[in-house]
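Please have the sequence and the 3D view open as you read.

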Amino acid sequence: MDFPAKDLVDGGVSPTVRVRGLRAPQAAPVHLCRHCGAPLAGSAAQAAGFCCAGCQHVFQLVATHGLEGYYKIRDTVVAPVGEAVFQPRDYTWLARLQAGAEAQSGTPALTLEVQGISCAGCVWLIERIFHQQPGALHVETDAQLGRMRLRWTRGAFDAPAFARRLQSFNYLAGPPGEEPVVPESRRLARRVGLAAAFAMNVMLFTLPVYFGMAATFPYARLFGTLSLVFATLSVLTGGVYFLGRAVSALRAGVMHIDLPIALGIGGAYLGSLYGWLAHREEFVYFDFVGAFILLMLVGRWAQVTVVERNRRQLLTARDRPQPVRVETPAGPVERAVADLQVGEIFTVRSGQVVPVEASLETPAATVGTAWISGEADPRECRAGARVPAGAVNLGLGDIRLRAARPWAGSLLAQLLQPVARDAYRHRFLERIVTGYLLGILLVAVAAGLGWWLGTHDVVRTWAVVTAVLVVSCPCAIGLAFPLADEMAATALRRAGVFVREADLWPRLARIRKLIFDKTGTLTLETPVLANPAALAALAPPARAALAALVGDNPHPVAQCLHQALCAAHPLAASAAAAGASPVQETPGHGVALTNRDGAWTLGRPGWRGQANACLISKDVESSADTEFACDGVVLARFRFTDEVRADARAEIAALQARGLAAYILSGDRRAKVDTMAAALGLPPDHALAEATPEEKAAWVRLTDARDTLMLGDGANDSLAFDAAFARGTPVIHRGVLAGKADFYYLGRGLAGIRRLFEVNDARRRTQVWLLVFSVAYNLAAVGLAVAGRMSPLLAAVLMPVSSLATLAIVAGGMRRWLAR
C-alpha cells in the first residue's frame, strides 16, 4: 500500500517506490517517531507513532496550542523527550530573581539559561510560548549559547509559570550562571569568513598569471603585490591560529595535528614571499596559501561546532542544593547550604534535596534516596530518624530537619565537587603526525641536497624544496579527519547519542569493560505501570481527580501515573492541574482531595478504600501497590514494577559479542541486583550490590586499566565517574553527571551505546582509508616535486583535487550511518 504524504511529516513511515505502476523492491519501511524523528522499535511504539510517552505528550501539546509550525522548521531528528517534562521542579530561585528584577527601575528583564535548544525550530517554539504568557514583552534567544533574555510588564508576568510551561515542552530554564565566553566555533566562523574573502581575492589576482599574463604586463607586479597582501592577511587571520596551537603543543611535548598544518602554511608562505621578492614566479604559491588555510579552518570549525552544539543543550550551572530556610530567634531566614551549622533546624520543600545529613523533626516524611544511594524504593521516616544527605523530599509539604553535619563534611558536597579531567592524548594520531613531519622534512632535505649536488643551482634547489613543502599538504589529517569526527557525531545525534568531549573517539578504541549503574540506567527513572488497562478504564471525572492528586507530586508512583495520564489524556491532565482542589497528604499513606464529585484518595491498600467487586476486576491481585478510591469505593488498583529497559538484555548481549565485558555496580539491595544480573545474562561476580559511592569509586579504580566505560545517572555515581576512563549518562536534567560525561544518550533504550561503538568503527575505517589515500597522494605529488616537475599551477590544481577526494572518502565511509 502507499502512505499519504502527511505521514512523512507526522511520523508515519518511509514512502513506497513506484515505477510505471510496478512496486519496486525495497527494505521494510522505517517507522519514525512523530515528534523527535527517532526510529521506532516494537509494535506498540509503531502503532502509537511515538518512541516514548514524553514525545507523545509534547506532540499533543504542540498541536493543542496551535504551534504545528515547529515541525516545519525543526531539524529532521531532535533529542527524544525525557521524563523531566513530567517531574515537578522547584522554581523558587526564579521567583526570587523575578522579584529582584522588578525591584529595579525600568522594564524588568532577566537572562536565563535554557536546556534543550537544538535548532531554529526550538528558538521559534520558545518565543511563541513566551508571547502566549500574560505580560510578556520581548524575548531574545541565543541558540549558540543556550540563553534567553526576557522582558515583561511589571506585575503582570509570572516567570516560574513560564518556566513550567517551557518544561512541559522539554526545555528546562536555569540560572544564568557565569557570563559565557565567546564559543570557539563562533571565533572560528569569523576566521573562516575572513579567510574565504582573502582566498577569493588571492585567486582573483592569481588567475591572470595562469591564463598567460606576461610578466611585462603593466599591472602584473600590482597583481602579485595584491596577492601577497591578501595571502598575508589570510596568514594573520587563520594561519596564526594553527601556528599558535602548534607552538603550544611543542612546548607541552605533544605532536599535535596542527604541527603539519603549520608546517605547510609556513613553508608555502615563506617560499612564496621569497619568490615575490626575487621576481621568481615558480616560487609563488599565494593562492595555495589562501585556499589551504580556508580548508583547514573549515575542517576545524566543523569539528568544534558539533561538540559545542551538544554541550549547549545542557545547563552549565551545577546542581548545587538551593538555599534552605533556617529557623532563628529572629524568624526564618534563607541561608546558603555552605553556611548551615550543626544543630540548626531548617526546612526542605517538596522535591528539594536534603543538603546535609540531618535528623527529622517533622512527625513523618517520605524521602527518596535513589539519586544518592541507588536504592529505588522510597523510605518512610519518623521523627528522630536520620535522613542522609542527598535524599529528596517526596512529600507534598515542607519537612523540618536538624542538621547533623556541616556542608563541608557532607557526602553530597563531595559528590558534587567538580574534578578536573585530563585530556586524553591520541597516541596513534601523534605517531601519524610524527611520521608525517619526519618524512616530509627528510624528503625535503634529501631533495635539496640532491639538486644542489647535481646542479649547484641555489634557486632551483630552493624551488624544489619549496614545492615539496607546498604539495605535501596534510588535507587528510587537517580537513578530512575532523570532518569524519563531525559526521560521526551527527550520525550519533540521530540515534539520540550526543558527544560532549572530542577525545571520546580515541578513548572508545580502548574500552573493554562496560560498568552500568542499575537504578535509572539499566532501569527507567520512574516505576512502570504494570496494568495500564486499569487507568484506561477510569471515567473522565476519575481521571481528572487522579491527575490532580498526582500533579506536582515528586513521589515515584505519582510521577508514573502523571506520565501515563499526560501521554494518554493531556487535556484532562492539564485541566485538572489548572483547577485542582487542594491536595491533603498523610505521610506514609497517601494523598486525598475533595471536590464536587466526591472524596478522592490515592494511597496504600486499605488506607481509606473498600473494594467493590462491581468496579474491580476479579483477576486483579488484592496485594496491589496503590489504590485509587472515591468515597471509600476502590475504583482501581495500580501495580508498579521497577523494570529493566526493554532492550537491555539484547543490547548487552550484542555488546558482549563485540568482546566487551558488562558489569552492574549498584547501591541497591543485593536481591534486586542479583535478579537483574540473572535477567540480563550476567554472571554473579559481575554484579556488585549495596555499594556506597566511595566503594563504587574504589571498585572502578581497582578494575580500570584505562579501558572502562562508566554509565550512570545519579549523584552516587559521581565518584565512580571520576575514576573511570570514559563515562556517559542517560539523564541530563539533574545536572550532576551531565557536566562530567563524555557523552549522553537519551531515549528509553540502550541501543545508543552499541551505536556509539559501531559509528566509531566506521569512523576509524574511514580514517584508515584516508591515510592510505594520503600516502598514495604524497608519493605521487612529492615525487613530482622532487623531480622538479611541480609548478604553482599544478599545485593549485592538485590541492583542491586531493581535498575533494578526501571528502569523498569520508562521505562514502560514513554514508551508511548518516542515512539511518
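## The largest cavity

Which residues lie nearest the centre of the largest cavity? In this predicted model, they are Pro80, Val81, Gly82, Asn170 and Leu746, out of 37 residues that line the cavity. Its volume is about 530 Å³, and the structure holds four cavities of 30 Å³ or more.

Two elements, α3 (53-64) and α6 (120-131), each give two or more residues to the lining of the largest cavity. The top contributor is α3, with three residues. Sorted by class, the lining has 21 nonpolar, twelve polar and four charged residues.

## Nonpolar cores

Now to the cores. The largest one has 107 residues, and Ile511, Phe516, Ile664, Phe743 and Phe757 have the most contacts inside it. Another core, of 51 residues, lies apart from the largest one; Cys52, Val58, Val81 and Val123 are among its members.

Take Phe743 as an example to click on. Beyond its neighbours within four places in sequence, Phe743 is in contact with residues including Val497, Phe498, Val499, Leu709, Leu711, Ile753 and Leu756. Its partners also include Arg500 and Arg727.

The mean pLDDT of the protein is 83, with 89% of residues at 70 or more. Confidence is highest in strand β17 (residues 513-516), at a mean of 96, and lowest in helix α1 (residues 6-9), at 35.

Two stretches call for care. pLDDT stays under 50 over residues 1-28 and also over residues 611-623. Where pLDDT is low, predicted coordinates should not be read in detail.

Notes: Residues are numbered from 1 along each chain as its sequence is written. This is a predicted model: local features need pLDDT of at least 70, side-chain atom pairs count only at pLDDT 80 or more; totals for chains, interfaces and linings use all residues. Side-chain values use heavy atoms; hydrogens and water are left out. A nonpolar core is a set of buried Ala, Val, Leu, Ile, Met, Phe, Trp, Tyr and Cys residues joined through side-chain atoms within 4.5 Å. Buried means under 20% relative accessible area, exposed over 50%, partly exposed in between (1.4 Å probe, protein chains only). Contact means heavy atoms within 4.5 Å. pLDDT is the predictor's confidence in each residue, from 0 to 100. Helices (H or I, at least four residues) and strands (E, at least two) are DSSP runs, numbered from the N terminus. On a 1 Å grid over the protein atoms alone, a cavity is a set of points where a 1.4 Å probe fits but cannot get out, and a pocket is an open set with protein on both sides within 12 Å along at least five of seven lines; lining residues have an atom within 4 Å of a point. Grid points are joined across faces, edges and corners, and a volume is the space filled by probe spheres set on the points. Ala, Val, Leu, Ile, Met, Phe, Trp, Tyr, Cys and Pro count as nonpolar, Asp, Glu, Lys and Arg as charged, and the others, Gly among them, as polar.
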